[in-house]
Every structure is written in structure tokens, then in C-alpha cells.
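The sequence and the model come first, then the notes.

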Amino acid sequence: MNKLLIAVIASAFLLGSSAVMASGNKESKMPPMSAQDILNKMSCEGKKDGEKIRDRTDGEMVTCPAKIKQPNFGK
């Protein structure tokens, strides 16, 4: 009986914490960013304005500072 009770409590904790982690960016003031935008922004750090870099995900040329696209997360 104790093992069942511990299993129920542990699963409730794990399910509850994973739901909180999966809730995403609802309370942050920052706009949501795609991984592609984050990589482009990191690649542009230390570069001058107007320098071009190759996008790591689709191979397009991006001019620094990298413009952040507004992702469509199922809207």
C-alpha cells in the first residue's frame, strides 16, 4: 500500500511539474522566439551591422543584426 501511495504522489508531482514546464512563455514579457532566430542572433554577436552570415537551419544569407521573425505557434 505504501508503494502505491508513493507512486501516486510521485506521478502527480511529475505530471504537475511537466505541465508547468510545457506552459511556455505565458508570463514572460519577452516575445516568443524560434530556435532559428536564437541561432541567428547568436551568430550576429560580435559582427558589424551589414555583415552577412549563413543561416544554420535553412542556409539563407542573413544580414546582421538578424531580424526576429514572429513565429506562428499554432495560431
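**The disulfide**

The link of Cys44 and Cys64 is left-handed, with -85° about the S-S bond. Cys44 belongs to helix α2 (residues 35-44) and Cys64 to the segment after β2 (61-63), so the pair ties together parts that are 20 residues apart in sequence. This is a predicted model, in which local features need pLDDT of at least 70 and side-chain atom pairs count only at pLDDT 80 or more, while totals for chains, interfaces and linings use all residues. Residues are numbered from 1 along each chain as its sequence is written, and side-chain values use heavy atoms, with hydrogens and water left out.

**More on the cysteine pair**

- A search of the whole structure finds one disulfide, a term for a pair of cysteine sulfur atoms within 2.5 Å.
- The sulfur atoms of Cys44 and Cys64 are 2.1 Å apart.
- Cys44 and Cys64 are both buried, meaning under 20% relative accessible area with a 1.4 Å probe, protein chains only.

**Fold elements**

- The protein chain has two helices and two strands; these are DSSP runs, with H or I over at least four residues for helices and E over at least two for strands, numbered from the N terminus.
- Their order from the N terminus on is α-α-β-β.

**Burial, contacts and surface**

- Of the 75 residues in the protein chain, 13% are buried.
- Taking contacts (heavy atoms within 4.5 Å) between residues at least 6 apart in sequence, 25% join residues at least 24 apart.
- The protein chain has an accessible surface of about 6,500 Å², computed by the Shrake-Rupley method with a 1.4 Å probe.
- Carbon and sulfur atoms account for 62% of that accessible surface.

Definitions and conventions: Buried < 20%, exposed > 50% of the residue type's maximum accessible area, 1.4 Å probe, protein only.
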